[in-house]
Amino acid sequence: MGLTSGNDGSDAMKLCVFDLRRGQTEGQELDKILFFNPADLPLPTQLSVIGLSEGLITFTRIFSPDAPCEVIEAEMHSHVFYEAEPDIWMVMVVEKDKESEEIWRADALRRVLKEAHSLFVMFHGSIRSLVDKDSTGGLVRTHLYYFMMDFLSAFEKRSTLEFCCWDFSMGKKFQLPNFRDSLRERGTLQMLTVGREAAIEVQCLVRTLESCAGNTQCFSLTMFQDLLVSTNLSPIDTVNLFTYAILRLTPLALSAGARSWSSSSKGITACNTSAGAVLANYGSVGDQYHNSHDTSPLRNHSHPLARPLQHSKWSKGKDGFLVTDIWGVEVNSLVPKIPTVWLHQTEEKMYLLAYQHRGLTVIILIPVSSVNGEQGVATVKQQILEHASLKMFKVEEKLARGWGGENAYHVSGYRYLLVDGDRCTSRASPPGKVTTLTKESLVALSKLREEIDTEKSKAKWDSEGGEKDLELCIRAKNNAWLIARLTRGKELYMVLEKANETLLYASDAVEKFSDRYCNGSFSLD
C-alpha cells in the first residue's frame with residue numbers, strides 16, 4: 001500500500017519547496033531550491049523536477065492568471081501544486097503505479113502540503129521571513145529540512161520493530177492519503193458533542209483560565225481524547241493547534257510516542273548511524289548548491305533550531321503540565337525553554353502551555369510580550385494549578401461520563417463523512433467501521449470525490465461566484481450506492497452497501513440521515 005522511496009531518479013514520491021524570486025540568473029538556478037526530498041537525488045534530477053514544475057506554473061498562468069495551478073495529470077505521474085506564499089511553491093510529484101493499491105485524490109495530497117506549511121509557519125514564521133533574514137538561504141533551508149523530514153515521518157510505514165524518522169533512503173514506504181481515506185477530511189476539526197450541563201462547566205473553566213492570566217489576553221483550546229471541546233482562537237489557528245495536539249499532545253499521541261520509543265531503544269545506535277549518513281549526504285548536496293559551507297543544513301548552527309514534530313519529545317510532568325526540551329534550555333541553566341508558537345490571526349508570538357488530566361487536554365496560549373519570561377509563565381501556571389485544576393478534573397469527569405467511546409458517532413447501516421466548510425469541522429463513521437467497506441466501494445467513492453473536487457474548483461473561480469448546490473448518486477459495480485450532496489457550504493458523502501437496488505431507496509436513506517443527524521441540512525424539501 002505504500003510508496004517506495006529509493007535512491008535513483010525513479011522515486012515514487014518527490015516533494016520540493018522552491019522560491020521563484022531566487023535563482024533567475026543563468027548559472028544560479030539551484031539557488032531557488034529550498035527543500036527537496038529525497039535529498040540524495042542527483043542535482044540535475046532535482047533541478048529537472050523543479051524546472052518542469054516552474055514551467056507548468058508559468059504556462060498555466062497564461063490561460064488562468066487568477067487561478068493558481070493545482071494539479072497536472074501526466075501519463076506516469078501526478079504533479080500536485082500548492083502556492084504556500086507568494087512565489088513560494090510546494091510541489092509533490094507522485095508516480096502512478098497501476099499494480100499498487102495507491103489511488104489518491106489530488107485535493108487530499110494538496111491538503112498534506114497545506115498542513116505542512118501551516119504547521120511550519122505556526123512554529124517558525126513564514127518562509128519568506130526566513131528567506132529575508134538570510135539572503136544565502138541557509139537559514140530557511142535548515143529549518144525546512146529538519147521540519148519536513150520530521151513531518152514526513154508521520155507518513156512512513158514502519159514495522160513494529162523499527163522507529164527512525166530519518167531513514168528515508170533505505171527503501172521505506174510512505175503511506176500517503178489514498179482511497180481508503182475517502183471518508184476522512186484533512187484540515188478539519190472533529191468536535192465532541194456535549195450536553196448542556198457539561199457545556200456550562202466548560203464555559204466556566206474557560207473564564208477561570210482567562211482570569212489566571214490576569215490582565216494578559218489568554219487563549220485556550222480544550223480537547224477530550226482526540227476531539228475538540230472548546231476554543232476561543234480563530235478557525236485557522238484552531239485547526240493548526242488541533243492538528244499539532246493530535247500529532248504530539250493528546251493522551252493517545254503521548255502513549256504512541258512512548259511505545260515507539262520503548263520498542264526502538266535497542267536500535268537507536270543503528271538509526272543514528274543511518275540518519276548521520278543521510279544528513280551528511282544532504283550537507284554535501286547543500287555545498288554543491290552554493291559552493292559554500294554556510295548554506296548547508298549540517299553546518300549552519302548560528303541559529304537555535306526547534307524541531308516540534310520530533311517523536312517522543314513530550315511527556316507529562318508531576319504537576320499535570322506537559323514538558324519538552326524541544327525548544328532547548330535556558331542559558332546557564334538546565335531548565336527547558338518554554339514552547340512558543342505564532343498565531344496566524346494576530347501574527348503574535350505566544351507561549352504554549354499544555355495541561356492534561358486523564359482524557360482531558362487543555363492548551364493555553366499567552367503572549368510572549370505580555371509576561372516576564374519564565375518567571376511570568378511560572379506564575380500563570382501556579383494560578384492555573386490553584387484555581388483551575390479542580391474545574392478541569394470536574395470537566396473531565398463529566399465528559400468521560402457522557403462520552404460514547406470511539407464508536408459514539410457510528411450510525412448503523414451508514415458509512416458517511418459530513419463536512420462543514422464554514423466551521424472547518426467534520427464528522428465521520430469510526431475508522432473501524434469504514435474498514436468493513438469493500439475496496440470496490442472505497443475506490444469508487446474516491447473517484448466520486450475527485451469529480452466533486454473538480455466541480456468545487458470550477459465554482460471557486462467562477463465569475464459568478466458563490467457556492468452551488470450539487471448532488472451525485474452512483475450505483476457501483478458491487479451494487480453499493482455512493483452519494484454526495486453539497487449545499488450551503490456543507491458536504492455529505494455516503495456509502496450504502498447491501499442496499500436496495502432502487503434510486504428511491506438511496507435517496508430516502510439520505511433524507512432520513514439528514515433529518516435525524518444534520519437538522520435537515522441535506523433534505524431536498
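1. How many helices and strands does the chain have? There are 13 helices and 20 strands, in what is a predicted model. The chain runs to 525 residues, and 51% of them count as buried. Taking contacts between residues at least 6 apart in sequence, 61% join residues at least 24 apart.

2. An open sheet is formed by five strands, in the order S3-S2-S6-S5-S4, with antiparallel pairing. Strand S3 (33–37) and strand S4 (71–73) are at the edges; each has a single partner strand, so one side of each is left without a neighbour in the sheet. From one strand to the next, the twist averages 10°.

3. Val-71 has Val-80 of S5 as its bridge partner.

4. Two helices should be read together with this sheet. Helix H1 (residues 43–63) lies across strand S2 (13–19), S3, S4, S5 and strand S6 (88–95), and its direction is at about 65° to S2. Helix H2 (residues 106–124) also packs on the sheet, where it touches S2, S4, S5 and S6. The direction of H2 makes about 30° with that of S5.

5. The aromatic side chains deserve a separate point. The structure holds 12 aromatic pairs. In one of them, the ring centres of Phe-123 and Trp-327 are 6.0 Å apart and the planes stand at 50°; the pair is therefore tilted. The cut-offs behind that label are under 30 degrees for stacked and over 60 for edge-to-face, with the rest counted as tilted.

6. Where do the two partners of this pair lie? Phe-123 is in helix H2, while Trp-327 is in the loop between strand S12 (322–323) and strand S13 (340–342), so the pair ties together parts that are 204 residues apart in sequence. Phe-123 and Trp-327 are both buried. They also belong to one aromatic cluster, which they form with Tyr-244 and Trp-314. Through Phe-123, then, helix H2 takes part in this pair, and H2 is also a helix that packs on the sheet.

7. A second pair is local in sequence. Phe-513 and Tyr-517 are four residues apart in helix H13 (residues 503–517), about one turn of the helix. Their rings form a tilted aromatic pair, at 5.2 Å centre to centre and 40° between the planes. Are these two residues buried or partly exposed? Phe-513 has 2% relative accessibility and therefore counts as buried. Tyr-517, at 40% relative accessibility, counts as partly exposed.

8. The last point concerns a polar residue, Asp-420, which lies in strand S16 (residues 415–420). Its relative accessibility is 11%, so Asp-420 counts as buried; the cut-off for that label is under 20%. The side chain of Asp-420 reaches the backbone nitrogen of Asp-422 at 3.2 Å. With neighbours within four places in sequence left aside, the residues in contact with Asp-420 are Thr-425, Gly-489 and Lys-490.

How values were computed. Residues numbered from 1 in each chain as written. Predicted model: local features only at pLDDT ≥ 70, side-chain atom pairs only at ≥ 80, totals over all residues. Heavy atoms only, no water. Pairing = 2+ DSSP bridges. Axes fitted to C-alpha atoms, helices over the stretch in contact; angles between N-to-C directions. Contact = heavy atoms within 4.5 Å. Buried < 20%, exposed > 50% of the residue type's maximum accessible area, 1.4 Å probe, protein only. Polar contact = N/O pair within 3.5 Å; in protein donor to acceptor, adjacent residues only side chain to side chain. Phe/Tyr/Trp six-rings, centres within 6.5 Å; stacked < 30°, edge-to-face > 60°.
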